[in-house]
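Here is a short briefing for someone meeting this structure for the first time. Look at the chains first, then read the points below.

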Amino acid sequence: MNNKIILMVEDNPRDEALTIRALRKSNIVNEVVVARDGVEALDYLFGTGAYSGRDSAENPQLILLDLKLPKVNGLQVLERIRADERTKRLPVVIFTSSNEEEDLIKSYNLGANSYVRKPVEFEQFLEATKQLGLYWLVLNEPAPDS
Amino acid sequence: MSRKKLPPEQRSRLDRQEQNSHNAANYPSADQETATESQSRLAGIIDSAIDAIITINAQHRILVFNRAAEKMFLCSAAEAIGQPLDRFLPERFRPSHSSHIQGFSQTGVSSRAMAGARSVFGQRTNGEEFPIEASISQVETGGQKLFTVIMRDVTERERAEERFRQLIETLKEQTKILDLAPVLIQDLNARIVFWNTGAEQMYGWKAEEVLEKTSLSVFKTEFPRPVEEIKARLFARGHWEGELVHTRRDGEQIVVASHWVLHRDENNNPKAILQINNDITERRRAEQEVRRLNEELEQRVADRTAELQAANKELEAFSYSVSHDLRAPLRHINGFSQALLEDCNDLLDETGKEYLREVRSATQEMAQLIDDVLQLARVSRSELHREVVDLSDLAEKIIAKLKARDSTRQAKVVLEEGLTGAGDKRLLGIVLENLLGNAWKFTSKRTITKITLRGNLQDGEHVYSIEDNGAGFDMAFADKLFGTFQRLHRADEFEGTGIGLATVQRIIHRHGGRVWAEGSPEGAKFYFSLPTRKDVRHE
């Protein structure tokens, strides 16, 4: 079993850099795989496209999913994750700028495990990232592999 | 009606009459009967006659005065007999009357109607004149000439005749009025057989131009449905009503409201069709105009609605984009400023570090501003879900959050219990968040924060107040309080975006309530009202 990979689905390189910085500052050293749009995320998860040949049985420990993504948006990605037997139990945290009520409702309806709005203030951003990492990577017991 | 036998008292009256006369009347007698029997029967006939019968002698003295005469002249026979006939004529007729009888006497004619029957008048003993129809006859018996006048009171008949004359006048009037309506009659072959003045005026043809022609050839009629169908209906029901298009003599097409009535002969066979046609072209034109304007209006409303929906959608997309995309760069500016502070700490002097902190603080303010503007936009367009909201409970939760964020603050918060209001729970939550948040903010410099929430019913609406002992405000600027981006305090005194109270006002206005405030250096008191709604159900 791969050592607790974090799949970060994020199209903005600055957010990517800040999130990784925040993770590292919180002493979370897990491998972070970055998918820059919805298609790439799905390819990674199902071993298709650019990731063909990847063992799709190897699931990430946590998926950080932005909503506003090129090609296939975050909600569509979530829907596909939940629809597939291989991925339906994966913890998915929506990590996004939006706090529109509709986004929250749709995300939870599609089976998101958590919804965190990215704070503007970096100290709060850091705190949020740290808590997420601690909770989902350390405290939380994932579903056993089938 | 005629009595066969005369009651005894009448018989005696007639007998008395005879005795009173100087010369007993000689009634014709049948050979088979005795003179008495014959006389008595005759007397009975005379007395039971409907007409007044008066017999006079050559000197115009009354010899016989029957019962009808008594009634007519209001005079008993006893009184009348022996009197001159003149007595029962109006004064003015008396002289001519005598000569008339004289003249009649000389003609030798046995009987004739008097004076064309029309101009003869009688006079009752009470002086009343009345029209009579009279005939006179003469007989000579025993060398004496007797005249018998038979009279009928025609007052009633004349009255009836007068009424009839009036009726005819009225009918003539009505016929004239009817002439204003275009009426025509066509036979069953659709040939026009009657054409009145009204039709002439409306269509422009004189009767002689259209009679015997078919109405179709004259009017070039356009029927709303097959003419056979119309005729079938006419024959089934006896009438038909509908709209036709006719062409007038001048070539102009008119819309007529046509009313057809089927005439049948005495054997119930269809004979002719009466048509009354009214020109309703103008009315139709006006109606069409109204319809057209209505359609135009509906189209315009639909267009505007579509435009509005499109604008709304665009606004939503815009808001979403603002919330999502505008925040991201702020987060990056903030995050990388922090990274700079941490990673390049040695390269920056205190001033440089201070500048970076200002940059970070500015991004926070802008983020708050974005959130507030978005909230203001959202409260304006979100749907209202009205219910009974427990405001005391909402307020308590908000105060708990404020206290948790600022645990060192000494605060005395009094929230009246059981306050409810009818409205959208989420939006009223935003109202309380803003008002209580403001109270909390503006009391931050007091040793002890005092905040009080109260509510009461005033003139049919719920009025709530939130009072604090904070910085207050100058009442001179009270009208600016609820304006968007309006601030009454300097940013270095109290932070804020100037959107909170505008949001409060918009929410309360959407609920049909009012919002106002009182301020002094000792604090502020904000009021808002909500209409009481009986139709709001409790949860």
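The notes below go from whole chains to single residues.

This is a predicted model. Chain A has 146 residues, and chain B has 539. The two chains touch: 14 residues of chain A are in contact with 15 residues of chain B.

**The two chains**

- Chain A holds five helices and five strands.
- Along its sequence, chain A follows the pattern β-α-β-α-β-α-β-α-β-α.
- Buried residues make up 37% of chain A.
- Of the contacts in chain A with a separation of 6 or more, 65% join residues 24 or more positions apart.
- Chain B holds 15 helices and 18 strands.
- Buried residues make up 24% of chain B.
- Of the contacts in chain B with a separation of 6 or more, 54% join residues 24 or more positions apart.

**Where A meets B**

- The contact joins 14 residues of chain A to 15 of chain B. On the chain A side, helix H1 (13-25) and helix H5 (122-139) each supply at least two residues.
- H1(A) gives the most to that side, with four residues.
- The chain A side divides into four nonpolar, three polar and seven charged residues.

**Helix H1 of chain A**

- H1(A) has 13 residues, which should span 18 Å at 1.5 Å a residue. Its end C-alpha atoms are 18 Å apart, so the two values agree.
- The buried residues in H1(A) are A:Asp15, A:Leu18, A:Thr19, A:Arg21, A:Ala22 and A:Leu23.
- Within chain A, the buried residues of H1(A) pack against strand S1 (6-9), strand S2 (32-35) and H5. They also pack against helix H11 (281-343) of chain B.
- A:Asn27 follows H1(A) and has a positive phi, near 65°.

**A five-stranded sheet in chain B**

- Five strands of chain B form an open sheet in the order S13-S15-S16-S18-S17, with mixed pairing.
- Strand S13 (411-415) and strand S17 (515-520) of chain B stand at the edges. Each has a single partner strand, so one side of each has no neighbour in the sheet.
- The twist averages 15° from one strand to the next.
- Strand S15 (residues 449-458) and strand S16 (residues 461-468) of chain B pair in the antiparallel sense over eight bridges.
- B:Leu457 stands opposite B:His462 in S16(B).
- Helix H13 (residues 391-405) of chain B lies across S13, S15 and S16 of chain B. H13 runs at about 165° to S13(B).
- Helix H14 (residues 425-442) of chain B lies across S15, S16 and strand S18 (523-531) of chain B. H14 runs at about 25° to S16(B).

**Two residues of chain B**

- B:His263 is in strand S10 (residues 253-264) of chain B. B:His263 counts as partly exposed because it has 14 C-beta neighbours inside 10 Å.
- B:His263 and B:Gly238 are 25 residues apart along the chain, and their C-alpha atoms are separated by 7.8 Å.
- Neighbours within four places in sequence aside, B:His263 is in contact with B:Lys271, B:Ala272 and B:Leu274.
- B:Ile276 lies in strand S11 (residues 270-279) of chain B. With 19 other C-beta atoms within 10 Å, B:Ile276 is partly exposed; a buried residue needs 20 or more.
- B:Ile276 and B:Ala181 are 95 residues apart in sequence, yet 7.0 Å apart in space, C-alpha to C-alpha.
- Not counting residues up to four places away in sequence, B:Ile276 touches B:Ala181, B:Pro182, B:Val183 and B:His259.

Definitions and conventions. Residues are numbered from 1 along each chain as its sequence is written. Chains are lettered from A and ligands numbered from 1 in the order in which they are written. This is a predicted model: local features need pLDDT of at least 70, side-chain atom pairs count only at pLDDT 80 or more; totals for chains, interfaces and linings use all residues. Two residues are in contact if their C-beta atoms, placed from the backbone, lie within 7 Å. Ala, Val, Leu, Ile, Met, Phe, Trp, Tyr, Cys and Pro count as nonpolar, Asp, Glu, Lys and Arg as charged, and the others, Gly among them, as polar. A residue is buried if 20 or more other C-beta atoms lie within 10 Å of its own, exposed if 12 or fewer, and partly exposed in between; C-beta atoms are placed from the backbone. The expected span of a helix is 1.5 Å times one less than its number of residues. Two strands pair if DSSP finds at least two bridges between them. Axes are lines fitted to C-alpha atoms, for helices over the stretch in contact, and angles run from 0 to 180 degrees between N-to-C directions.
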